[in-house]
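Me: Can you go through the sheets in this one with me? I have the sequence and the structure open.

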4 protein chains.
Amino acid sequence: MTRTGLWLIGARGSVATTAISGLLALRAGLAPPTGCVTFRPEFADVALPGWEDFVVGGHDVVSTPLAKTAEHLAQAGVLPPHLLGLIASGLCEIDAEIRDGYHPVTHQGDQAEAARRIAADITAFRDRHNLARVVVVNVASTEPPAPFDPSHGELTALEAVLTEPGRAVLPPSSLAAYAALRAGCPFVDFTPSTGIALPALDQLARELGLPYAGRDGKTGETLLRTVLAPMFTARALRVRSWAGTNLLGGGDGATLRDPQHAESKLESKARGLAALLDHDVVAPLHIDNVPDLGEQKTAWDHVSFEGFLGARMTLQFTWTGLDSSLAAPLVLDLARLVAAAHADGQAGPLGSLAVFFKDPLGSDEHRFAEQTRELYRWAGELRG
Amino acid sequence: MTRTGLWLIGARGSVATTAISGLLALRAGLAPPTGCVTFRPEFADVALPGWEDFVVGGHDVVSTPLAKTAEHLAQAGVLPPHLLGLIASGLCEIDAEIRDGYHPVTHQGDQAEAARRIAADITAFRDRHNLARVVVVNVASTEPPAPFDPSHGELTALEAVLTEPGRAVLPPSSLAAYAALRAGCPFVDFTPSTGIALPALDQLARELGLPYAGRDGKTGETLLRTVLAPMFTARALRVRSWAGTNLLGGGDGATLRDPQHAESKLESKARGLAALLDHDVVAPLHIDNVPDLGEQKTAWDHVSFEGFLGARMTLQFTWTGLDSSLAAPLVLDLARLVAAAHADGQAGPLGSLAVFFKDPLGSDEHRFAEQTRELYRWAGELRG
Amino acid sequence: MTRTGLWLIGARGSVATTAISGLLALRAGLAPPTGCVTFRPEFADVALPGWEDFVVGGHDVVSTPLAKTAEHLAQAGVLPPHLLGLIASGLCEIDAEIRDGYHPVTHQGDQAEAARRIAADITAFRDRHNLARVVVVNVASTEPPAPFDPSHGELTALEAVLTEPGRAVLPPSSLAAYAALRAGCPFVDFTPSTGIALPALDQLARELGLPYAGRDGKTGETLLRTVLAPMFTARALRVRSWAGTNLLGGGDGATLRDPQHAESKLESKARGLAALLDHDVVAPLHIDNVPDLGEQKTAWDHVSFEGFLGARMTLQFTWTGLDSSLAAPLVLDLARLVAAAHADGQAGPLGSLAVFFKDPLGSDEHRFAEQTRELYRWAGELRG
Amino acid sequence: MTRTGLWLIGARGSVATTAISGLLALRAGLAPPTGCVTFRPEFADVALPGWEDFVVGGHDVVSTPLAKTAEHLAQAGVLPPHLLGLIASGLCEIDAEIRDGYHPVTHQGDQAEAARRIAADITAFRDRHNLARVVVVNVASTEPPAPFDPSHGELTALEAVLTEPGRAVLPPSSLAAYAALRAGCPFVDFTPSTGIALPALDQLARELGLPYAGRDGKTGETLLRTVLAPMFTARALRVRSWAGTNLLGGGDGATLRDPQHAESKLESKARGLAALLDHDVVAPLHIDNVPDLGEQKTAWDHVSFEGFLGARMTLQFTWTGLDSSLAAPLVLDLARLVAAAHADGQAGPLGSLAVFFKDPLGSDEHRFAEQTRELYRWAGELRG
């Protein structure tokens, strides 16, 4: 396939650094593509960009070199320590492709101007590397839920407000999505932040004929819930309550300590569970910041259910995952798939990619097995 | 639908008593059909026998009245205590339809004779109640794996050996299957015992145009494994080991304490896991008899897996189920579905019912979601 | 021993009803004293009241008959169903000894008057049954933390405020403690409510020569924490974080849903953990109301700790307890022990009973094993 | 204190290498003494050898350099990777002090001769380094249970048999203990192997005035059991069953895969549990070899217990430990404590050190808290 750009919003974070390190390792044949869905046999003949086709750049508001973050990730068990030396020069090269991100507090001027600057960074990257296309993926820290504004509902209204000095009508994730579209790029929302999920931005994507996908990568507790809940439904067992606790350290843990940030993540999770079971259940859910766990995320779920003649039973699970390790290969998968959708001329939300997300855009399907089947079907069409 | 018989091998055991009590409760409108798959919307217009269409009988080698077992099950949390009084007369009536089961030690005469007697009991039941058909379901205690005999491979050879005095070439479960077929009845193997899973019996079922289904009801740990393992596969995560421990009391616990009995159950479980993952995994598995747990079965599984760049992660679950509560509604579902298959003229193994079994006959599919989809497809054909 | 009264504040609640039902069962020889610490060999020759010595009464703001609550507790697995018939008349008799409790909203008049009425109920009970003493035990629902008032610090000031019309300077639990002392009775705080834990009430108890004990019965997660935390300390392992989630239904679950109520319970738990480990740890803790769990309380704790050369390890536990079943025998133990302390002439907080409480009054010791040893030592002195 | 030798049987294994690496790190001030019990305040003024007082040597049947094992342990999370370079020369020096171990298959000549050779190695080490004493600690792989021989019961008989050519009446662990004593050294059994636990060897230790301690370091599941079981007893709760599963990789996992080896470990565990509870319980226990877990050991325990009026409750725990990280600091503690006991002139089994062992020699006490208290008392006497 032709050369493809991967532009990461939050390019210096844990997920981005893991994805970048992995891309370098995979390209050099230093690791198998474990965790990369698009290397399953179902994608065998689908025209997807290969590892060697990718060029990586991005935005970030911090300036820590990738090599330093990679070192931290090696200590945390996310990257194998011996890899660091082998990818050091590759990380350096990509460091040079990362531009200053948009920050609502430090930014001077109106948001239209900020969007133009972001879009220009991406366009310059595409031109500089002579890329057929650039897929923009948001992997920045989770934002608090954005306050509603009427201009979010319609593009003309939105663009009018963007030029008002001193107003920040769009949260950073949505500004990034707007800029990406204006630069002619498909967009992926890998976080629960608002991002592209506004009617005005959907309108813009359709008008420009650009595909997008989102939102909130399904990498842990929710992954299990969308696998397990359909079992209860298919077996006609009545779930009475589904309680969950998430312990997480790392950047995400600290961000979500702020109750407002956590809210957007919790809301997204609750929507999924409600959609999976035929009825409402008591479903208390907590996210706790436990810094000593580092990159590790531990989730405990307790499901109480009722069977034949009212018999009471329970299921508990404990998931101990490394979030960046689970997210990074999906980011690479999404870059490949969304690039292919763009090459194929698809536009609007890619509901067929629902399996990647907690809160899928363009799809009401939350059941993992059904989502997987739809992904394979869609890939088959691309192939054919 | 026309009147249908349900003939239970092991009619006085926990699973049978729960199924019978539930049938009486459902028929009287005393409980919702929780746990009954065939009451899902996907079966809305399928011609299945209703609760009022069923007449129940069976064989057993013990003579404890159903009401006494029901009392024990109420103490164990399987049956609601208030139900006992309401179904007492119904249980009494069914008691009268239970005949002495075949026991290899006490039986005098050759096995052909035993089979004729068993078949005659079933035929008389069908005639006495003027039933359109009788579905025979084996829910008796798990047998040890049956020693191989060349006659198992071909019907004529088998029937010759059956007439040899003093030989017991078939284990009781297979003798029951043989007799059921000879009585013109479809057969369901709900246990891991050999039952109908012999080439000679498959041959007989096909010759007589009778459908059958089996084997080993999927009600606990294996249910979860066939739900969870496909998730790892679909996400390209590499399972490194999958260890399991099962604690069970009740009759099953005592039976499986005998290592020979346990073997057949463990083999069946291992086959399933190997089929679900693309590669071999270390998968130690234990069944422990813990009498104080009564009807409760507790399973702990520990899954160690590898993700992107070799990152190490784990999943643990603890399942606390009441085995009879999980099995009984499936027994009723199978009676309904196999009756419909028989009415439809289907013969041989019903691979479309694989979702009900740990070790499905007539199917290589172990993934729960795919099995569920196949069941719905098959039901749709029946409807159509 | 001479006849002893047990006066329960919250006499119609789950804990009280279980304690009362158990007392009747034990007295009739219908059950062994499982869960009663004072039947351990260490108490063999200590002069404690026997089951036959006790007469029970109490206060409550609700009027549900004990038999009805007992029925509910039987359904929930707390009481054996066959017991209900055998203790029905005993429950009726005790019903007749339960008086209307104090409720700050419906009470007319000042709190001094309310206290006089409560004390009079207790005194009348003592006289009516010719009791040597009455132990008053608070097992009412948990209150929100009481706002501080300067009068709490000194008895004369407090008694002055109590006579002010329209002021409710004491929360109900503290009013009960005050009234109990004024009636000449020892007092036990089995809940985390303020109760007797005010300097003015401590002063009163000492002046009147009355012993008291509290507070917050140690029956679940905290019990385990005070058993496990000393292990980490003794082994010089460094606990990094200790996260906990509690799922509970029943009355307590509903009460604690109110964040203000929960706060007092969480504070009490946090104090204990901090006291057990030599250093501060991250210790997020949640209480969730999950009504379908009924009387059952499920706690999950995740402990992350560091060993030799910084090695990272974890301990998780899941405790599934019936809170009333765990609390009730301790209430009976406390009635016996505090009666003995009163007979022995002890006054003030009984720190030697710390093992019974999450937040022990009169003791800084939180380690379960050390508390147990102190209890035995104290009992030995009583014996001697 | 004067210079002290630590002589490790199995000096190149995981536990020994971790202990050695740790000793080097602690001596250099590179790590705090986390996990070392003897750095608790209770030992503040006890005359124990310091890290700088120790010289290390040992026996092993393999010849892998310590640095290579240390590298493997760093990958497994037991040693911090950055430590390897800092202790490399120290490991090399100790490599030079490790002699070929006794192996029953390759050894030529009678066992008396073998013992003389082993003792001579230790004596030479003591002389070479001018040591006040050498503590010999067995940390070699677990042996299968040794077959009983009448000569084990009495020293003269044993020594006669030792000289018979071609007979191996002592398993290697016991031969090591015999040789250590004959070299005038105190001995510690850190494994479940027979070691010094033979009457003839006890006799020898007493005759020579040498102290010894054992056996089987208490580092995981059993540690928790001896902490938790006393809680149930103290609360008069009746444990009904206590099931356990251990998953382990590493050398130990492979050794214990052999059912005969496992037997000795399981027997030692069962003895402990029986001693802790007042009555017999159903207690199935498994050890599974799961190589991918590496040095990690995961134990799941399920405790079913009965409370007041027969209420049924459960406790589950999952322990995820690094066995070498837990064992190594205790090996160093034991070297310090047993050296002090020797200096103090104590002889025979040191029952006061029971807290370190699953199957304590010289003590019937299994309760962790009571064992801890006894250790502190004994240390106080040494101090005094």
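Predicted model: local features only at pLDDT ≥ 70, side-chain atom pairs only at ≥ 80, totals over all residues.

Me: What is the strand order in the eight-strand sheet?

Reply: The order is E8(C)-E7(C)-E9(C)-E10(C)-E10(D)-E9(D)-E7(D)-E8(D), in an open sheet with mixed pairing.

Me: And which strands stand at the edges there?

Reply: Strand E8 (285-289) of chain C and strand E8 (285-289) of chain D. Each has a single partner strand, so one side of each is left without a neighbour in the sheet.

Me: How do E9 and E10 of chain D pair, parallel or antiparallel?

Reply: Antiparallel, over eleven bridges, between residues 296-306 and residues 312-322 of chain D. In that stretch D:Asp301 stands opposite D:Phe317 in E10(D).

Me: Which strands does helix H8 of chain C lie across?

Reply: H8 (residues 221-234) of chain C lies across E7, E8, E9 and E10 of chain C together with E10 of chain D. The helix runs at about 170 degrees to E7(C).

Me: Other topic: what is the order in the seven-strand sheet?

Reply: E3-E2-E1-E4-E5-E6-E11, in chain C, open and with parallel pairing. E3 (98-100) and E11 (348-349) of chain C are at the edges, each with a single partner strand.

Me: Over how many bridges do E6 and E11 of chain C pair?

Reply: Two, in the parallel sense. C:Tyr212 stands opposite C:Pro349 in E11(C).

Me: Which strands does H11 of chain C touch?

Reply: Helix H11 (residues 323-343) touches E1, E2, E4, E5 and E6 of chain C, and its direction makes about 135 degrees with that of E4(C).

Methods: Residues numbered from 1 in each chain as written. Chains lettered and ligands numbered in written order. Heavy atoms only, no water. Pairing = 2+ DSSP bridges. Helix = DSSP H or I, 4+ residues; strand = E, 2+ residues; numbered from the N terminus. Contact = heavy atoms within 4.5 Å. Axes fitted to C-alpha atoms, helices over the stretch in contact; angles between N-to-C directions.
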